[in-house]
Structures are given as structure tokens and as C-alpha cells.
Amino acid sequence: MSRLAAFLALLVSMLIVVPAAPAHAAVGLRVNGARIVEANGNAFVMRGVSHAHTWYTSQTSSFANIKALRANTVRVVLSGGRWPANGASDVANIVSLCRQNRLICVLENHDTTGYGEQSGAYTLDQAVTYWNSVKSAVTGAEDYIVINIGNEPYGNNNVSAWTNATTSAISRMRSLGFQHLLMVDAPNWGQDWQFTMRDNAQTVFNADPQRNTVFSVHMYGVFDTAAEITAYLNAFQTAGLPLVIGEFGHNHSDGNPDEDTIMAQAQQRGLGYIGWSWSGNGGGVEYLDMVTNFNPAQLTSWGQRIFNGANGIGQTSREATYFGGGSTDTTPPTTPGTPSASNVTSSGATLTWPASTDSGGSGLAGYNVYREQGTTDPLLGQTATNSITLTGLSASTQHQVYVRARDGANNLSANSPTTTFTTTSGGGGPGSCTATGTVQSQWGGGYVVQVTVTNTGSTPINGWTVTFTLPNGHTITGGWNATMSITGQAVTARGMSYNGSLAPGASANFGFQAGRPSGDSAIPGPYTCTPS
């Protein structure tokens, strides 16, 4: 064979032998079509909540508490300096907590919130610089860490710049060596009401050489009807692009989002959702707290809805298979024994019962306690052990309760036998209470009010009722932490099971959002409190 022939043969063999493998194959969590999958190809659907870590760095127990309420995901708020900064060591601890508590963690940089409209907001390029500064803390955790490059990175100004800024941020993240699943938020404070993200999503997705970017829309007042929600989700489904509902609430200062449709559609379509937020809200949106003062035993009405309601986290969440979860376990735990009641008071009782066992492989996760109440039995509480102390019960009331065990795959046992107890009358009399309403925020056509109820007597109260009057033409568009009934302009608000009982000097809050005619500056009142 001539030297030329030999050279040509070698060249041909090299062209044939060298495989055309992708240069940047994704690792860990990844996009597959319109879905998120784990490294093993198992579909993963986010069911979680946001936790404002950057302002509450001491509340690390929140990870375990969020997990105990069946979430499979937590979105962690971080900052590179616009707020208290979270350095590499802090982020490394967060990563460790995520793994310890078997949670997929979406780490988000909050510095970019409202860029172009809110003073002090950072650019997406500055956010990438922050991620590079903590890269050592997240490298190697691609199986359970998602990087949300920047929260709500544009307000409502110069929104068209979002596309180039986002594609540049993605490209730079990859050039810096990040292998993680990336998440990008929409402009318009995350709500994309001008459809910039929707209409440019394919361009942004193609900018990622790994094709491993998921889009995040935030659903608040813009998404207050089922038609708006389904139309937006349909657009991404038709395009075959991955989408999660990265934030949503049950109410907001810009309108009343349709959380029932949001959750139902997410479940129907296999889309992830992350509610806002665990605890610690301020600035007039305290009603978005899911628990009071970071206490998992004090679920708010929003917390009850997202964790225990229809299409909620408790009902639909599945742990990532990376942590041993998944749907292979279909065997429910054994039925708990008959509960017994002790330490019965006017507002609570302690229940204990013989424990269940689980043989399905996912392990016994805990118990749900229900009250027998006709066709709909309310969930009174959840516990990881075979004992629970119930609080916030109505006085002088008979309660018939039962228990169901749950396992790590969310299988529920049969109902235990019921037990019956009656709360005491309280003995100390009704006492006295006051109610004070404070306008938290207002705009041309509406306002948000928080009402503080205080037990001003010397004995506990087991419940409270607050009455007030709306000015003519005003209508309540949403409320939280109380059950409200309205007759004409007269409003009656009653405390919930978790905030109705107050010790002497203790206080509880409820709130509402109202609409009013443009130019009308009147506010409701006076507020009258009656204890029970």
C-alpha cells in the first residue's frame, strides 16, 4: 500500500471510528421534551414552596418542616448583596440541608427582582457573577439542585430586553462550567402579561447548548381566571417547552389569583408548582404566609389550602427517586389502632394510638388525624409519631376523630376506629377582646387591610367574631385567616380553628382585600370584637 493510500485509509478509519457524541450532555436533573426528569429518566414533578432564607438564615429547621408536610421541592431565596448576602459556606450548608431532608432545591438569586423598575435591582449578568462566586458549593449536586438564575428579572419597563439578557446569562452560566438544570423567570414581575417569555421561549431555550433550561411563570393577579391560566399553559404545551409555575398565591395586592385552577391544571398536565411562601412575609402581604412564625403546627388558611387541599402538596407530591422515592411502592401502611384522648381542654386535646407498620419499601412517614363530619372530613393535623396535641378546637363541642397512616410514597392506610371526646366549656367566661384595622396598602381602585384581634380580658377566649361596615360601593375581593360573611355592607369575620383561641394579652391577625370606586378614599370601620 502506498503512503498516500495508507494515509487516506487511516483518515477514513478515524472518521468512522470517532463517535459523534454530544459535547455537552446534561447531567443530573434535566429537560426531556416538556418534562423534567431525573438522571435515571424518571419524570419529576415539583410540588413545593419558597423559603425566604436570605432574611431568615437561622430558620434552618424549615427544611425539615416543609418536608414533613409532604413537599418534594423547596425554592430557597438567596442574595449576593442587595439583601444580606449568602456566601459559599452558607450555600454549602443549604445544599447539605436539601440532601438531608430529601428535597429537590431550587436556589434562586433574589437580587434581580424588578430590574428596570425597582431601585437597587441587579442585572442578570450580576446574578451570574454571584453564582460563580458560590460555584464550589453547588458543583456535584446536579441531581437535586436547580439554579434559578434570577428572580423576576424585569419589572414592567424595557421588557423587550429580557430575551437577550436571559440568553446571555444562560450562555455565560454554561461557559463557567455549570452543569445544572437552569430555571429562568419571566419578566413583568414574573407574570409575563406582555408574553415576552412565552413568545421568545424557543430562542432562549436554544441558547442553552445543553438544552437544559426550564421556564418559570409567576401567577398572581394577572392569572385571576381559568381562561387566562389555561391559555398560558396551552402555549407552552403546544410549543413542547418545559414550564413550571415558579410562584403563586391565593391572593395578592394586584388581584385575586385563581389558585384552584392553577393547582388543578398543574396536576392534570404534570407541571410543577411552587407556592409563595413558607413564612416571614411583610409589607402588606403577610397573608401569603403558609405558617405563622415559622411554626409548622400553625398552618394559615393558605397553608391548609396548598398542603392539604384538593390537588395540594400532600395529595400529589412524590419524592424524587434520587432519594429513594417514586411510585414503585403501592402498599399502604397497616391500619392504626384506636386513638385515645387525654388532657382535654376547652380548645384542645392530646391523642395517642397504637402505631402502624409499613412493608412497601418507602417507609412509614407519619399520620393524618381527621374529624368525622359527614361527607367531608376535615384534616385536624399531621404528625410523624403516634401522638398529637390538637389545638384551636371549639369549646363545648363533641369531636369524633380517626387516624390514617401514610408512607413515603403517599399511600394512606384505612381509617382507624374512631374515638369521641368533648371539649370543656373553658370555665373562665367569655372575657373581652378588641379589633383594630390597619390599611397595609392601597391604590386607586382598592386596598388591603390587616385586622389585629387582641384578648384584653384576664381569661382565655375560645373564639372571636369581628364585625365592621364597608363604605358604599366597596366590595371584598379576598380574605385570609378568618371566615367572612357579608350582608349588604355589613361584614362578619370569625376566627379559624388555628387562631380563634387566645390567651389573655395574645393577638391574632386576619385580613382582606377590597375594591372601591376610583377616587374614593373611604375605608371600612368601626371594628367590633365579640369573644366566645
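Which pattern do the disulfides of the protein follow, with bonded cysteines counted along the chain? The pattern is 1-2, 3-4, where a disulfide is a pair of cysteine sulfur atoms within 2.5 Å, and by this rule the count comes to two disulfides. The model is a predicted one, in which local features need pLDDT of at least 70 and side-chain atom pairs count only at pLDDT 80 or more, while totals for chains, interfaces and linings use all residues. Residues are numbered from 1 along each chain as its sequence is written, and side-chain values use heavy atoms, with hydrogens and water left out.

| Disulfide | S to S distance | Torsion about the S-S bond |
|---|---|---|
| C98 and C105 | 1.9 Å | -100 degrees, left-handed |
| C433 and C529 | 2.0 Å | about -100 degrees, left-handed |

C433 lies in strand β18 (residues 433-443) and C529 in strand β25 (residues 528-531), so this pair ties together parts that are 96 residues apart in sequence; strands are DSSP runs of E with at least two residues, and helices are runs of H or I with at least four, numbered from the N terminus. Both C433 and C529 are buried, that is, under 20% relative accessible area with a 1.4 Å probe and protein chains only, and both C98 and C105 are buried.

Turning to the helices, the axes of α6 (residues 162-175) and α7 (residues 196-206) come within 10 Å and cross at roughly 35 degrees, the axes being lines fitted to C-alpha atoms over the stretch in contact and the angles running from 0 to 180 degrees between N-to-C directions. The contact (heavy atoms within 4.5 Å) is made by W162, T163, T166, T167 and I170 of α6 together with T196, M197, N200, T203 and V204 of α7.

Technical notes
Buried means under 20% relative accessible area, exposed over 50%, partly exposed in between (1.4 Å probe, protein chains only).
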